[in-house]
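Please keep the sequence and the structure in view while reading.

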Amino acid sequence: MSTGEQVFGYVNGSLLVVLGAATLFPFMYVVSVSVTPLEILARFGQFQVFPRAVTVDAYRFILSTGLIPRAFLNSVIITSLGTTINLVLTTLMAFPLSRKRLPGRSFWLVFILIPMLFSGGLVPLFILVRSLGLFNSYWAVVLPIAISSYNLLIMKSFFQSLPNELIESAVIDGAGYPSILVRIVLPLSKPVQATLGLFYAVNHWNGFFLALMFITKDRLQPLQIILRNVLLDVLNQDLPEVIERFDLLPGPTMKMAAVVISVLPMLAVYPWIQRHFTKGVMLGAIKG
Amino acid sequence: MIVATAKRTFAVRARVSFSRWGALYLMMLPGIVYYLVFRYGPIYGIVIAFKDFQVFEGILGSPWVGFEHFRTLFSSPFFARVLRNTLTISFLKVLIGFPPPIILALMLNELRRPGLRRTIQTVTYLPHFLSWVIISGILFAFLSPGSGLINNWIKAAGGQPIHFMTEDFWFVVIIVVSQIWKEVGWGAIIYLAALSGIDPNLYEAATIDGANRWQQIGHISIPGIASVIVLLFILRLGHMMDAGFEQIYILYNPQVYEVADIIDTWVFRNGIEQFRFSLATATGFFKSIVGLVLILVSNKLATKWVGHGIW
């Protein structure tokens, strides 16, 4: 290897490492702000990248009020309910559409394709959900996004890629399609279910808009909405202790502690997400 | 046997067909209902744009007003502003944001150590999984005029704190840069997949011929993924009307409406928050139509240049 090559390799590698560090640094800083006590702020007049003293009071406090834990729970419910509905409905549509000789197949493919290109917009959706009486319910946040056409097409491609003989021989043996789906196809489709399940779940967990439009009761709000309220200094009036505690801790410390609590589940699940989806994204990338 | 088949009536064939495919159609039923209610229902709801929608009268009871809302819309000074902002932000995002994932992919591809490559990859696409609310929290920690890290550095250097989120220029910068930070790692995945499809023999042959790394990148790597680049670029153009609703809504504030208010945020404020249903629907409809035309045109272009589009 020539020196030019070596230099190239080192420079390239170093730049990438710097990029990686630059991506991680914001998280690190957020964590250090979240554990900075008031006296450090008073002494130095500003937050530091590495505070000399730390306190977990902000976390203790946030977890003791009902606000964030309840929002956390709401998000967990919404994510579980939503993802289950997502996977069930997507699979139930993808499997029939993967059968090439299904009558009317091209019609239905166009049927699911059109909403990918054109939508009615926010206002008609708003009026629709309201008139269905779903306002202030978990359903309002889960049903409007029950199926993603994009994910549906990915799953359909996957089913089509399964060896046809498996299914054909079962049909010849007299098995009905429902049992073929459950007993043959599903066990083989764990990778795509895991991948799409993760995409759907992350979408629910990070969900903000539907809740913003359709939920007004604080006790039903998901995590992202409550977090946003904390960051914007819009706090629930029912919790007077929130206001008095803000004198003991710097505002940004409280806010960053809320951010860290909100990010932790995503970070915890991340290595696991990682393992599964690289294949899934390839599936989507090649097809999409 | 042939005679018997020819004699099967339509009724018999239909019955056989139903018993064969009926189960599959039943399976699709919940999904079909979902699409009809939640995707096609709102499309029908677009008629509100042509009516003076009264909540108590419902859609059918509200009177028709034809194109009146569109006339109001196109002559409104706000419309020019939001359209300009939408296109400006979208344009900047494409101009500045399109190359980085490609460059990152090329750099990662040149990394000879698979362990380091996987680590950097893992780290760089982490932000993709964060919500914009979380990212707004991170931005607050860095950019707040009072306690943000960047402003602390500025103050330490003797300068005045910059109000990043409330000044027009800086706000747009933050919008574009934060989008890149969030998506560069994830965007690189597709290019990396394409790069891994390039025949390694080409690189070997080039090395034997004495080509250095830069030449190999320029003559093998880039041409090898050129069709993917062109395809993704054309498709991105098809989404010019989408300037990043969720991001902008979460990050914007009235002080920067002049540059930050895009079509979607205007529709949201006027439609959902101020209940001007018909006008907001008309605006949304306009955007959707333009978006549809753009997608169809861009798909045609993609098919012509690269051989295929998204379907």
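A salt bridge is a side-chain nitrogen of Lys or Arg within 4 Å of a carboxyl oxygen of Asp or Glu. In this predicted model, local features need pLDDT of at least 70, side-chain atom pairs count only at pLDDT 80 or more, and totals for chains, interfaces and linings use all residues. Residues are numbered from 1 along each chain as its sequence is written, chains are lettered from A and ligands numbered from 1 in the order in which they are written, and side-chain values use heavy atoms, with hydrogens and water left out.

**Confidence**

- The model has an ipTM of 0.88 and a pTM of 0.88.
- The predictor's confidence in each residue is given by pLDDT, on a scale from 0 to 100; its mean over chain B is 89, and 95% of the residues of that chain reach 70 or more.
- Helices are DSSP runs of H or I with at least four residues, strands are runs of E with at least two, and both are numbered from the N terminus.
- Among the elements of chain B, the lowest mean pLDDT, 54, belongs to helix H1 (residues 2-6), and the highest, 95, to helix H13 (residues 245-251).
- Where pLDDT is low, predicted coordinates should not be read in detail.

**Salt bridges**

- Over all chains, the whole structure holds 12 salt bridges.
- One of them joins the side chains of Arg81(B) and Asp261(B), with N and O 3.4 Å apart.
- Arg81(B) belongs to helix H5 (residues 77-97) of chain B, and Asp261(B) to the loop between helix H14 (257-260) and helix H15 (263-273) of chain B, so this pair ties together parts 180 residues apart in sequence.
- A residue is buried under 20% relative accessible area, exposed over 50%, and partly exposed in between, using a 1.4 Å probe and protein chains only.
- Arg81(B) is buried at 15%, and Asp261(B) is buried at 0%.
- Asp261(B) also forms a salt bridge with Arg269(B), where the closest N and O atoms are 2.9 Å apart; both of these residues are buried.
- Another salt bridge pairs Asp264(B) with Lys287(B), the closest N and O atoms being 3.4 Å apart.
- This pair links distant parts of the chain, 23 residues apart: Asp264(B) is in helix H15 of chain B and Lys287(B) in helix H16 (residues 277-306) of chain B.
- Asp264(B) and Lys287(B) are both buried.
- Through shared partners, salt bridges join Arg81(B), Arg84(B), Glu258(B), Asp261(B) and Arg269(B) into one network.

**Backbone angles**

- Asn136(A) is not a glycine, yet its phi is positive, at about 55°.
- Asn136(A) sits in the loop between helix H6 (122-131) and helix H7 (138-142) of chain A, and is buried, with a relative accessible area of 17%.
- Phe275(B), although not a glycine, has a positive phi of about 60°.
- Phe275(B) lies in the loop between H15 and H16 of chain B and is partly exposed, with a relative accessible area of 48%.
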